[in-house]
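Biologist: Please take a close look at one part of this model, the place where the two chains meet. I would like one connected account that also covers what lies behind that surface.

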Number of protein chains: 2
Amino acid sequence: MKPEKISEAVVRRLPVYLRYLSELNSTDIQTVSSQELGRKLDLNPAQIRKDLAYFGDFGRKGVGYNVSYLIEKIRQILQLDQPRNVALVGTGNLGRALCNYNMKENVKIVAVFDSDPSKIGMTMNRLTVQPMSELQETVKEKDISIGIITVPAGEAQKVSDLFVSAGIRGILNFAPTVLRTPDGVRIHHTDFTADLLSLAYYMDNEDENVSDNDQG
Amino acid sequence: MKPEKISEAVVRRLPVYLRYLSELNSTDIQTVSSQELGRKLDLNPAQIRKDLAYFGDFGRKGVGYNVSYLIEKIRQILQLDQPRNVALVGTGNLGRALCNYNMKENVKIVAVFDSDPSKIGMTMNRLTVQPMSELQETVKEKDISIGIITVPAGEAQKVSDLFVSAGIRGILNFAPTVLRTPDGVRIHHTDFTADLLSLAYYMDNEDENVSDNDQG
């Protein structure tokens, strides 16, 4: 609601809150404090209160947050009440893993593409793999707004360009390469190796980094 | 080198710099400015200079960074000169995708486990799938320090506990659930749905969020 720009880090944490709140909700837990959320999600409770305060005054002091109300609010903020259709390009192991992933929210993979002729016509989680030549038309037909790229690094830019020219404005890239997109197109890179390599940093630095400015 | 605690966000960006610098290096480009890095990686050049300044004074004004020197430094910081062995539990599509992933750095998956008896003995990228009962011993034998979890949400905590009791101190969790680990064990959650759902936020807010405090 506020005109203020919300940082990416905050927006990125909202789905994490949402998932855990949904877990709580399914076990009939009705309120949760920022302390409990913080402990469970390994986040600073003050950070959590600040994140949620961006969007309105949800919590009550000494009581905590009403779980189902907070779920509803976060879903509103992320605009998950409206369905969001997704196209995926690349039917390797990762593409298949994503297709089979049980998305609980309204964001669904509704079309799958591959450039390899031998993959066309295969079925992946009830979707038939289509040739790249059908991408543009299918994006319009199925009102697809998000594209996922799970092709090898060398092919990713071409796929990204096709997505953009088909009118897609949000791309989730799993290919291990940096892609160029025009202004107005949002691209998120999901990078296993970065996660893994940054863990390596902490393996030997953990002790010396448990410093006294932990409140920062 | 500095006793200062480096933020996770910075550590998380170093492998991203490293990858792009390696791409540059392979095309014989010898220097790069923070402006060029920023344009390519969609990051603020001032942010990049600040990130790299944590670790020492690498760049020279008006010249930029020496690519191969910066690669060497980042690899040192992330301690990638020493090999880091990784165990993976879960041989579904995602586990297979990770096994087949060409890790250019010294961080390698050297053992794969599954609890499903029908998977034991299968070969994945030259590794033979082992039963969970062999995890503890293999971790010691192969000097494994990092564990990857790609099992369904309901089994993930059990796997995490096994990793911890085997002495693993770094875990990369792909299961869509929050895991508890004791102090001293570092856990990173990689969360497709969070990436995807946070994209949804930007789909309709992009225009109104291109605000004038873009320098912030």
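Modeller: This is a predicted model, and by the rule used for salt bridges the count over all chains comes to six. Two of these salt bridges are found across the interface of chain B and chain A. One of the salt bridges joins the side chains of B:D195 and A:R12, with 2.9 Å from N to O. This pair crosses between chains: B:D195 sits in helix 8 of chain B, and A:R12 sits in helix 1 (residues 8–26) of chain A.

Around that pair, the interface can be described by its contacts. On the chain B side, 67 residues are in contact with 68 residues of chain A. Between chain B and chain A, six residue pairs are in polar contact, with both residues at pLDDT 80 or more. Several elements of chain B each supply at least two residues of the side that touches chain A: helix 1 (8–26), helix 2 (34–41), helix 5 (93–100), strand 7 (144–149), strand 8 (170–173), strand 9 (186–189) and helix 8 (192–209). Helix 8 of chain B, the helix that holds B:D195, gives the largest share, 17 residues. Sorted by class, the side of chain B that touches chain A has 31 nonpolar, 16 polar and 20 charged residues.

The size of an interface is often given as the accessible area lost when the parts come together. Here chain B and chain A bury about 6800 Å² between them, and 60% of this is on carbon and sulfur atoms.

In chain B, seven strands form an open sheet with mixed pairing, in the order 5-6-4-3-7-8-9. Strand 5 (123–124) and strand 9 of chain B are at the edges and have a single partner strand each, so one side of each is left without a neighbour in the sheet. Strand 7 and strand 8 of chain B run parallel and are joined by four bridges. Within strand 8 of chain B, B:L172 is the residue opposite B:I148. Helix 7 (residues 153–165) of chain B packs on the sheet, where it touches strand 3 (84–89), strand 7 and strand 8 of chain B. The direction of helix 7 makes about 180° with that of strand 7 of chain B.

Chain A has an open sheet of seven strands too, in the order 5-6-4-3-7-8-9 and with mixed pairing. Its edges are strand 5 (123–124) and strand 9 (186–189) of chain A, each with a single partner strand, so one side of each has no neighbour in the sheet. Strand 5 of chain A pairs with strand 6 (residues 127–131) of chain A in the antiparallel sense, over two bridges. In this part of chain A, A:M124 stands opposite A:L127 of strand 6.

Definitions and conventions. Residues numbered from 1 in each chain as written. Chains lettered and ligands numbered in written order. Predicted model: local features only at pLDDT ≥ 70, side-chain atom pairs only at ≥ 80, totals over all residues. Heavy atoms only, no water. Contact = heavy atoms within 4.5 Å. Buried area = accessible area lost by both parts, 1.4 Å probe. Salt bridge = Lys/Arg side-chain N within 4 Å of Asp/Glu carboxyl O. Polar contact = N/O pair within 3.5 Å; in protein donor to acceptor, adjacent residues only side chain to side chain. Nonpolar A, V, L, I, M, F, W, Y, C, P; charged D, E, K, R; others polar. Pairing = 2+ DSSP bridges. Axes fitted to C-alpha atoms, helices over the stretch in contact; angles between N-to-C directions.
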